[in-house]
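Here is a friendly walk through some of the packing in this structure. Have a look at the sequence and the fold, and then read on.

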Amino acid sequence: MLPGALFAAPVTILGGCAVAMVALGALAFRRRDAPGTAAFGALTLAIAFYTATYAVALSTPVTAPTARVFWERVMWFGIAVIPVTWFVFAVEYTGHERWLDRRLLAVVCIVPVAGLLVLWVDPVPTLWRSYDVVSRNGLTLVDQEYTPLFWTMYVYELVLMLTGTGLLVRHGIVADEVYRDQTAAFVVGAGVPAAANLLSIFGYAPYQGLDLTPYAFAVTGLAFGVAIFRHEGFEWVPASRRLGQQAMVENMTEAVVLVDHDDRVVDVNPAARERLFSGGRDVTGEQLRDVLPAVAARPDGGTTQHQTEVDDRVYEVKASPVTDHRDRELGRVLVLTDVTERHRRDKRLSVLNRVLRHNVRNDVTIVDGYAQLIADQAGDEDLSAVANDIRDVATDIVGISRRARELQLVLDADGERVGDLASRLTTTVSGVRSRYPAVAIDTDLPARAVVPRPGVCETVVENLLVNAAEHNEGEDQRISLTAEHDGEDLLVVVADDGPGIPDSERAPLSNEAETPLDHGSGLGLWVVNWGTQSVGGDVTFDTDDDGTVVTVTVPCADGCEAPEK
């Protein structure tokens, strides 16, 4: 039992608490543009009113019982407003403002308003069976015996308080760290006076009839101050994030479908309702397999991505798990992006590419045959030289066609596959040596190098080796191919002693586009550049008097072992 002397200075303790609450209320109203701040301001002013009037009531002489009961009635204006404003604050602060329509507010307010009317018309015997005005240690108290109607009102207001507190507690459990501390402070600020009120109502105060609640508001003021000033409760309002996320999803052009752990549809955004479900019908609660069978297959876990067709449209589907703070999967979010036009364009370009390469290859083969015939039968050396030049050009055109095929394979390769590059490079080097026997190729390769899209990486290195072999004009034609692991990446270095790569060939690669005045002569370096980018790597070119050094950096997918010496 707390000593009664602690409560003997009501004006000092309760007056200071009321002033602090008025200050917090003024601060809240200055920031009333933020969700929940207006309700918070009304809450603190109601607490200040409750506290101040109780201080006056306790100071009323015991010889003036009518005045003491008057202030008891006045105090109830604050008591009736506090649960309502706390509930409204919690709803708005946690981002559920759309619940607060006029009908709900009327329902919430009807019982407190009715209680105030009864209190001022005839509190005895409606709310109090009886009461006594007594003096305890200098405090003038009202010892009341409550009726069932009072308990009904009390339970109703307690439910409002618990509902608001529950919303905040739930938010604190799932919130990020930036919101968790401020939410905890608000909950403490409401919980301590609620507990004090329970002790008072059930007769566990130091004096019968003493209300501990206004004294407990001192803790409320401290907790609310910590929430606002230390944890920036008015700067980082959870509702802003929640409502912003809702608006973002509502305004997304992609279709978004939320399902629970049993694949029942929980919610869809307007884009999904319009595009995926005929007539915009409500599919909430239906099984995903019944309304979208093409995307109903559950992934093994984590985030997955694939393409599927829905009503003659092609969608790229990204499925991401929804988890709670314990990493328990609660459902999935499916984001469907309409890629129909891109899919059609890719198919048309693929067909056009195949037709062009096929026709070019066939026509150039004919040109090469006729040029060979002219070169063999021409008696004029100049005519024979022209025919050989034609053959060289025809060979270059066929090479460009082959590079175009390689470029298409690079762009279309599956980005999820991984494999060993080291064994592939050994085979690649053997092939280049057979094609260019006059060029010596020195290698220093690791025993194992697992990288993403190893086929693409192999094509990149092969193009560099072929480019070095074709343009190596030195007397001692040598190429060096090395690969080493630097901790996270695999560094593949191709060095030669040739004339180097001209700036005109490398400039278009950095600009990612060709211009009439600045373009490359072939597709080999484009294969190198785009292929390296497609695996998340990088390529650099260094040219000096000794030749060219090209370094390709590729991220290791599953560790790269050091070369075996």
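## Around Thr213

In this predicted model, Thr213 touches Tyr50, Pro193, Ala196, Asn197 and Ser200, leaving aside residues up to four places away in sequence. With one of these neighbours there is also a polar contact: the side chains of Thr213 and Asn197 meet at 3.0 Å.

Thr213 belongs to helix 8 (residues 213-230). Is Thr213 buried or exposed? Its relative accessibility is 4%, and the cut-off for buried is under 20%, so Thr213 counts as buried.

## Helix 3 against helix 4

Let's turn to a helix pair. Helix 3 (residues 65-93) packs on helix 4 (residues 102-121) at an angle of about 175°, and their axes lie 10 Å apart. Angles over 145 degrees count as roughly antiparallel, so that is how helix 3 runs relative to helix 4.

On the helix 3 side, the contact includes Phe70, Arg73, Trp76, Phe77 and Phe87; helix 4 contributes residues including Leu105, Cys109, Pro112 and Trp120. Sorted by class, this contact has 15 nonpolar residues, no polar ones and one charged residue.

## The nonpolar cores

Which residues touch the most other members of the largest nonpolar core? They are Trp86, Phe186 and Leu210, in a core of 63 residues. Helix 3 supplies the largest share of this core, with 14 residues.

Another core, of 35 residues, lies apart from the largest one, and Ile441, Leu445, Ala449 and Leu525 are among its members.

Note on methods
Residues numbered from 1 in each chain as written. Predicted model: local features only at pLDDT ≥ 70, side-chain atom pairs only at ≥ 80, totals over all residues. Heavy atoms only, no water. Axes fitted to C-alpha atoms, helices over the stretch in contact; angles between N-to-C directions. Helix = DSSP H or I, 4+ residues; strand = E, 2+ residues; numbered from the N terminus. Parallel < 35°, antiparallel > 145°, perpendicular 65-115°, else oblique. Contact = heavy atoms within 4.5 Å. Nonpolar A, V, L, I, M, F, W, Y, C, P; charged D, E, K, R; others polar. Core = buried A, V, L, I, M, F, W, Y, C linked by side-chain atoms within 4.5 Å. Buried < 20%, exposed > 50% of the residue type's maximum accessible area, 1.4 Å probe, protein only. Polar contact = N/O pair within 3.5 Å; in protein donor to acceptor, adjacent residues only side chain to side chain.
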